[in-house]
Amino acid sequence: MTGAEIRRRFLAFFAAHDHVVLESAPLVPADDPSTLFNSAGMQPLQPYYQGLRQPPAPRLASAQKCLRTVDLENVGRTDRHHTFFEMMGNFTPTGAYFKERAIPLAWEFVTDPERGLGLPRDRIRVTVHPTDEEARALWMSETDIDPTWIYDNAENWWGLELGPCGPDSELWWDRGPEHGCGQPDCYPDHCERFLEFWNLVFPQFDRQPDGTLPPLPRP
Ligand SMILES: [Zn+2]
């Protein structure tokens with residue numbers, strides 16, 4: 001399957017699930033003086049999350065052109081760093097849905113052979129933040145993933161030092177034991193065996209200067 005076909009299927013899948021598909025914003029942001037390049041699908045949508053602008057629809061999807069200058073030193077040294085890439089994403093800046101919908105939508109897209117990627121279930125692993133029992137429970141109740149393939153990972157936390165933050169949940173592709181450490185108990189994020197290919201971000205807290213985590217009014 002080509003990159004163009006993956007992009008086409010992703011955007012068509014989310015359009016069929018009531019998402020408005022956005023054009024990629026330019027690689028060089030038009031009105032964000034804080035950065036030289038767009039580096040994530042979320043970035044051009046930040047004003048919607050901050051409530052500064054009204055999003056064109058409650059459910060959005062995009063394939064955003066991205067460049068990460070911090071990655072450049074790794075290009076050619078690893079199997080997974082690029083000078084330029086596109087990040088596909090689905091977004092609900094006003095909280096149209098959260099974990100309860102994001103998790104089954106992601107699972108449907110990666111496993112459905114007709115409208116999604118049709119990846120074999122036994123090659124997919126999932127990680128959740130150890131505190132995020134809600135996400136773990138949703139993976140178990142809303143998808144048919146083998147529960148033993150859901151792993152805790154303390155790295156599954158998204159956010160900066162202040163402001164919106166929260167747990168995230170990642171999907172990993174099992175490249176096969178020959179690509180990793182060879183240990184029978186190998187797990188996602190352990191070595192090169194598992195490749196993270198989707199991060200579901202759940203900003204649900206608003207980190208304060210004193211370190212407390214009151215919930216966001218509208219995750
Ligand atoms: Zn390993």
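**Entry 1: the domain interface.** I began with polar contacts across the interface of domain 1 and domain 2, and the rule finds three residue pairs, both partners at pLDDT 80 or more. I noted that the model is a predicted one. I then looked for salt bridges across the interface of domain 1 and domain 2, and the rule finds zero.

**Entry 2: extent of the interface.** I took the bounds from the domain assignment, which places domain 1 at 1-96 and domain 2 at 99-219. Between the C-alpha centres of domain 1 and domain 2 I noted 19 Å. I recorded 18 residues of domain 1 in contact with 16 residues of domain 2. The area that domain 1 and domain 2 bury between them is about 1,400 Å², and carbon and sulfur atoms hold 61% of it.

**Entry 3: the zinc ion.** I asked which residues coordinate the zinc ion. I found C181, C186 and C191, each through SG, and H190 through ND1, at 2.1 to 2.4 Å. Along the chain, I read the spacing of these donors as C-x4-C-x3-H-C.

Entry 4: I checked the angles that the four donor atoms subtend around the zinc ion and found 97 to 122°, so the arrangement is tetrahedral. For four tetrahedral donors the ideal angle is 109.5 degrees. I also looked up the accessibility of two donor residues. H190 has a relative accessible area of 30% and is therefore partly exposed. C191, at 22%, is likewise partly exposed, because the cut-off for buried is under 20%.

Terms used. Residues are numbered from 1 along each chain as its sequence is written. This is a predicted model: local features need pLDDT of at least 70, side-chain atom pairs count only at pLDDT 80 or more; totals for chains, interfaces and linings use all residues. Side-chain values use heavy atoms; hydrogens and water are left out. Donors are N, O and S atoms within 2.8 Å of the metal (3.2 Å for Na, K and Ca); water is not among the atoms, so sites may look incomplete. Four donors count as tetrahedral if all angles lie between 85 and 135 degrees; four count as square planar and six as octahedral if opposite donors are over 155 degrees apart and all others between 65 and 115; anything else is irregular. Buried means under 20% relative accessible area, exposed over 50%, partly exposed in between (1.4 Å probe, protein chains only). Domain bounds come from an automatic or database domain assignment. Contact means heavy atoms within 4.5 Å. Buried area is the accessible area (1.4 Å probe) that two parts lose on being put together, summed over both. A salt bridge is a side-chain nitrogen of Lys or Arg within 4 Å of a carboxyl oxygen of Asp or Glu. A polar contact is a pair of N or O atoms within 3.5 Å; within protein, one must be able to donate a hydrogen and the other to accept it, and residues adjacent in sequence count only if both atoms are side-chain atoms.
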